[in-house]
Structure formats: structure tokens, C-alpha cells
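Please examine the sequence together with the three-dimensional model shown here. The explanation below is meant to be read alongside both.

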Amino acid sequence: MDGIIFDVDGTLWDATDTIAKAWNQTIAENSTLKMQVSGSDLRAVFGKTMDEITEIFFPSLPYEERTRLGYLCFDSENQLLEKEPAPLYPGVEETFQKLSKKTDLFIVSNCQKGYIEILLQTTGLSRYVKDHLCFGDTQVPKHETIRLLMKKNQLNDVIYVGDTQGDFHACKLAGVPFIFAEYGFGAVPDAPRKITDITQLIDLI
């Protein structure tokens, strides 16, 4: 094995309550919409691409307007998370520290530019992660982003750790084995391998 690729939201941390706070302020200040977004609302859609999320939350808006508002919301996430970082799930740092001695660690997410960087900077995981890519970088579906990261880093034998059906589907398309983080946001009943705690990876790998 020459690498482990991780998802972010629902796999490494849960920042949805902080993100909901950022979204609600941005929506109130930049639109006439009368709506409130909750952490549970976000947990239900995380794993989808940025464009899919804005379409789900702002279906009544024309494409250009919902894109404008959505990207303002994504920018506000980054700004607030720098000030109010979300905590990692228990055991994540210990797991990264030990796994990084065995193989290289990477991150691929459907998030915006800057989001993974904020995770790495605010949690201290940057010392363990060799590289990362996201939808904001590539503008392509997750399976293609996984393949781009693999090509960039000359990876041939990797696994992906994620928490949603979308992650599982992306791994099938990318031809990459999948480990389901059952403690996260989604349900993947057909996942061939699963963990209930991220520290279980230490003995599994």
C-alpha cells in the first residue's frame, strides 16, 4: 500500500454547526430568503459537490444567483472556521500520527478551496498529510479528483476512508477500495469494510 486517502466531513471532524452559523449570517445579509440552515440539514447533504448543495438549498433562485449566494456561504465557512475551529473526532490525531509512520496520508473532499487547508492548520494534521485535492481545485466529481490525486502523487495501491454512499460510489468509479467510517454522517449498507472508530485503522492497515 502506498497511501490512504481520507474524506473530511463526517470522517475527520463535524464542523456542521459552525458552518450553519456562517451560512445563516450570509443568507440573511446577502439575500431576501427567509430560511435557516441547521447542522443536521448540512449533515444530510455533505459529500455532494458544491454545485449540488447550492441547488438543494436554493432551488427557487436562478442559477447565477444561487451560485453567487452559495459561494458566499462557502467563503464564510472558511472565514468562521479559522476563528472558531471545529474539533477533530476522538482518536483522529493519534491515528494519523501512527498511520503516517506506515504509509503516506492524503485527503480528497468535495469541498471548496481553502477548507482542507483550514482543517490542517487549525487541527495540527498538516504535519501528517502529504497532499490533498478538492472539488474547488478540480471542478470534477470525486472519483475523478481521487484519480487526479493518485496520478499527481504516482499512487497505485491506495484505500479511501469515507462516510457516505457518495464516497462509496466514487471509490467504485475510481477503482479504489473503500472503508466505511460508520460513525460519520451517512449509511453505506453494502460497504465491504467498515470501522466504528477511526483508531481501528491502526490495526487494520
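The model is predicted; local features need pLDDT of at least 70 and side-chain atom pairs count only at pLDDT 80 or more, whereas totals for chains, interfaces and linings use all residues. Residues are numbered from 1 along each chain as its sequence is written, and side-chain values use heavy atoms, with hydrogens and water left out.

Helices (H or I, at least four residues) and strands (E, at least two) are DSSP runs numbered from the N terminus. Helix α5, residues 92-99, contains the buried residues V92, T95, F96 and L99. Buried denotes under 20% relative accessible area, exposed over 50%, and partly exposed the range in between (1.4 Å probe, protein chains only). These four residues lie on the same side of α5 because they cover an arc of only 95° around the axis, the arc being that of the directions from the helix axis to the C-beta atoms. The elements against which the buried residues of α5 pack are β1 (3-6), β2 (105-109), β3 (129-134) and α10 (201-204), where contact means heavy atoms within 4.5 Å.

Strand β3 is largely enclosed by the rest of the structure, because 5 of its 6 residues are buried. Strands β2 and β3 run parallel and are joined by 5 bridges; two strands pair if DSSP finds at least two bridges between them. Within this pairing, F106 stands opposite D131 in β3.

Strand β5 (residues 178-181) includes F178, which counts as buried because its relative accessibility is 3%. Leaving aside residues up to four places away in sequence, F178 touches several residues, including Y160, F168, C171, V188 and P192. The C-alpha atoms of F178 and I159 are separated by 5.8 Å, although these residues are 19 apart along the chain.

How many aromatic pairs does a search of the whole structure find? The search finds 9. Rings of Phe, Tyr and Trp (its six-membered ring) pair if their centres lie within 6.5 Å; planes under 30 degrees apart count as stacked, over 60 as edge-to-face and the rest as tilted. The pair of F46 and F185 is tilted, because the ring centres are 6.4 Å apart and the planes stand at 55°. F46, in the loop between α2 (39-45) and α3 (50-57), is 139 residues from F185, in the loop between β5 and β6 (194-195). F46 counts as buried at 10% relative accessibility, and F185 is buried at 18%.
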